[in-house]
Amino acid sequence: MGDAVIRVVGLGKSYETAAGLFPALRGVDLTILPGEYIAIMGPSGSGKSTFMNLLGCLDTPTCGDYFLDGRNVAHLDKDALAKLRNLTLGFVFQGFNLLPRMTLQDNVALPLVYAGSSQQERREAARVMLDKVGLGQYADSLPARISGGQQQRVAIARALVNNPQLILADEPTGNLDSHTSEEIMRLFGKLNAEGITIVLVTHEPDIAAHAKRQVRFLDGQIVSDQLSGTIRA
Amino acid sequence: MLNAMLGEAWLAMGANRLRTALTMLGMVIGVGAVVIMMAIGQGAQYAVQQTISTMGSNLLIVLSGSFTASGVRSGSAGAPSLNVADAEAMAELDGVANVAPTHQGTRQLVYGSQNWSTQVVGTTPPYLESRAWSIVNGAAFSDSDVRSATRVALIGKTVAENLFVDDDPVGKTMRIQQNPFIVIGVLGSKGQNLDGRDQDDTVIIPLSTAQRKVFGTPFLGSVRMIMVQAESAEALPRVEKSIESLLRQRHRLREGMPNDFFTRNLSAAAESEAETTRTMSILLGAIASISLLVGGIGIMNIMLVSVTERTREIGIRMAIGAREKDILTQFLLEAIMISIAGCFIGLVLGIASALLVNAVTNMVIVISGASVLVAFGVAAGVGVFFGYYPARKAAQLDPIEALRYQ
């Protein structure tokens, strides 16, 4: 188990509310190995978003341990978490979340700015990633000039630019039509085939079906964890 | 990393040009006001200092004062209580550089068909040095001229212009009180004194000649005024004291009798004038700084709005690895860029309007490198000070909340 990308043990998170302490996540155990393609499912309020925030090092757990790449990151300080988000993780959001004033190339290169790369390195890496998602010709355009599906591909390029250990995708197709969704899912499939670990959060079963493994959340706990053979064929 | 952040700050400023320009305007007005006020204040200081330096330094005047003799009381309008021998005795005192007994009054000068009324000063050669008079044309008179009461005169620039017009005055003969005087020199120009009187409107002649030929005093050798120059500003109070005891002794004033003379420290008066302008200059600068403060508050206000508007952007940046420090730097940089750019424009406008004031009103203005540097430094400081709170607010946002912000 030492080479797991992610291993969470008894992970819990509670929120202070007016009605008292609300447990959003209650003792979750999960191990994700390198190269896995896993979908996290569940209705809203099931704790999957809370789990995603913890996996994404955007939040710290109330209890339990979280080993990312073999290192316990459950109680690191803010700067250390920021560094993990920058170098070890790549985010893909439902709303694409590109910065509207920057060119696509600058958007893709932004994580490299925070990693401290030189301008030259940033430009080259961003070009490579934009080419990889097939949008190299739009490098100097602003996000508003391209379609939603293309924007999401740019966001994926941005997530990949620092060569992260895994990609966290939170409802990546939520704002896209079914045709474009297929395109994005094909891209994820291709990236996974290249060996990139992907964690996908979704409430749509047909999107989740693209993943090799489905984990279902309900009331802050994992209720099912199964491998699907269908997509592999 | 810094160049990327500067580029981003530039983009952010360009995203809402009108707002950025209006925010900058606060700084422009603030810095402009500081620059022009400092230019005027320092100009006034400079003008006063110039005047003081033309007056001569470390000066003390001893004036003949009131006395009572056989029940007859008299103020300084009566017979003068000082004399040339007093002056000679003062010259021996420790710390005294120059002593010049003087007798002055207004007389009409005549040259050819021109006439001109001016102040005629009868004195001895040390007067020129103590009042910092220079001779630009010709030469000064000497002690022997004073001893033999020769009719020679040194004339000021204003007199030369009005009486001699285009002629070279040196060697010409003019009349004072019907007595012919040879002009032997023209004095260097000094301009106005602190009271605004033209110092160049004067004629200087030997004391003995003045008393015998011009003023016709019945008390030969008596003078109303003795000009004393101390060796240094520090020596001045000491000199003032020793003159007082010397004169009391020489005038045989017993214990309890009032002085029959006054001493007046001219340098102290000049110093207080300089102090007044210095205070005025500081006051002007302080008032102008208030507008700089208001400009700073404007920056803070707009940065707070900007942070709120860009909450989602901040969330995205944090999600892809921006540390608190990075966000703080970004917003701080933006505030500093706005204030520095505003400061630069303000400097240009401030200097331009100071020059305009100078051109239109002839007011002396001084734009020093120091005041420009101070304005720049203060503006950068204002940017940091007023930019820090919004930037910190941005940096301390919770990434999850910020990402969810619509």
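This note goes through a predicted model in numbered points, from the chain contact to single residues.

1. **Ground rules.** Residues are numbered from 1 along each chain as its sequence is written, and chains are lettered from A and ligands numbered from 1 in the order in which they are written. The model is predicted: local features need pLDDT of at least 70, side-chain atom pairs count only at pLDDT 80 or more, and totals for chains, interfaces and linings use all residues.

2. **Where the chains touch.** Contact here means that the C-beta atoms of two residues, placed from the backbone, lie within 7 Å. On that basis, 21 residues of chain A are in contact with 17 residues of chain B. On the chain A side, α2 (78–87) and α3 (104–115) each supply at least two residues. The largest share, 6 residues, comes from α2(A). Helices (H or I, at least four residues) and strands (E, at least two) are DSSP runs, numbered from the N terminus. By class, the side of chain A that touches chain B has 9 nonpolar, 5 polar and 7 charged residues. Nonpolar covers Ala, Val, Leu, Ile, Met, Phe, Trp, Tyr, Cys and Pro; charged covers Asp, Glu, Lys and Arg; the others, Gly among them, are polar.

3. **An enclosed helix.** Look next at α3(A). Of its 12 residues, 11 are buried, so the helix is largely enclosed by the rest of the structure. Buried means 20 or more other C-beta atoms within 10 Å of a residue's own, exposed means 12 or fewer, and partly exposed is in between, with C-beta atoms placed from the backbone. The buried residues include Leu104(A), Val108(A), Leu112(A) and Tyr114(A). Their cover comes from both chains: it includes α2, α4 (119–132) and α5 (148–160) of chain A, and α1 (2–15) and α11 (324–361) of chain B. After α3(A) comes Gly116(A), with a positive phi near 85 degrees.

4. **α3(A) against α4(A).** These two helices pack at an angle of about 120 degrees, and their axes are 8 Å apart. That makes α3(A) oblique to α4(A). Axes are lines fitted to C-alpha atoms, for helices over the stretch in contact, and angles run from 0 to 180 degrees between N-to-C directions. Under 35 degrees counts as roughly parallel, over 145 as roughly antiparallel, 65 to 115 as roughly perpendicular, and the rest as oblique. The crossing is right-handed.

5. **α3(A) against α5(A).** Here the axes come within 7 Å and cross at roughly 30 degrees. This crossing is right-handed. From α3(A), the contact uses Leu104(A), Asn107(A), Val108(A), Leu110(A) and Pro111(A); from α5(A), Val154(A), Ala157(A) and Arg158(A). The classes are 6 nonpolar, 1 polar and 1 charged.

6. **Domains of chain B.** How is chain B divided? Domain 1 is 2–52 + 272–404, and domain 2 is 66–259. These bounds come from an automatic or database domain assignment. The C-alpha centres of the two domains lie 56 Å apart.

7. **α9(B) and α12(B).** Helix α9 (residues 266–309) of chain B packs with α12(B) at about 25 degrees, with axes 9 Å apart. The two are therefore roughly parallel. Their crossing is right-handed. The meeting residues include Leu292(B), Gly295(B) and Met300(B) in α9(B), and Val378(B), Phe385(B) and Tyr389(B) in α12(B). By class, there are 14 nonpolar, 4 polar and 1 charged residues.

8. **Ala395(B).** This residue lies in α12 (residues 369–395) of chain B. Is Ala395(B) buried or exposed? It counts as buried, with 22 C-beta neighbours inside 10 Å. Leaving aside neighbours within four places in sequence, Ala395(B) is in contact with Glu324(B), Ile327(B) and Leu328(B). Ala395(B) and Phe141(B) are 80 Å apart in space, C-alpha to C-alpha, and 254 residues apart in sequence.

9. **Two alanines to check.** Most residues other than glycine have a negative phi. Ala132(B) has a positive phi, near 60 degrees. Ala132(B) lies in the loop between α4 (126–130) and β7 (135–138) of chain B. With 15 C-beta neighbours inside 10 Å, Ala132(B) counts as partly exposed. Ala149(B) also has a positive phi, of about 50 degrees. Ala149(B) lies in the loop between α5 (143–148) and β8 (152–155) of chain B. Ala149(B) counts as partly exposed, with 17 C-beta neighbours inside 10 Å.

Definitions and conventions:
A crossing is left-handed if the near helix is turned anticlockwise from the far one by less than a right angle, and right-handed if clockwise.
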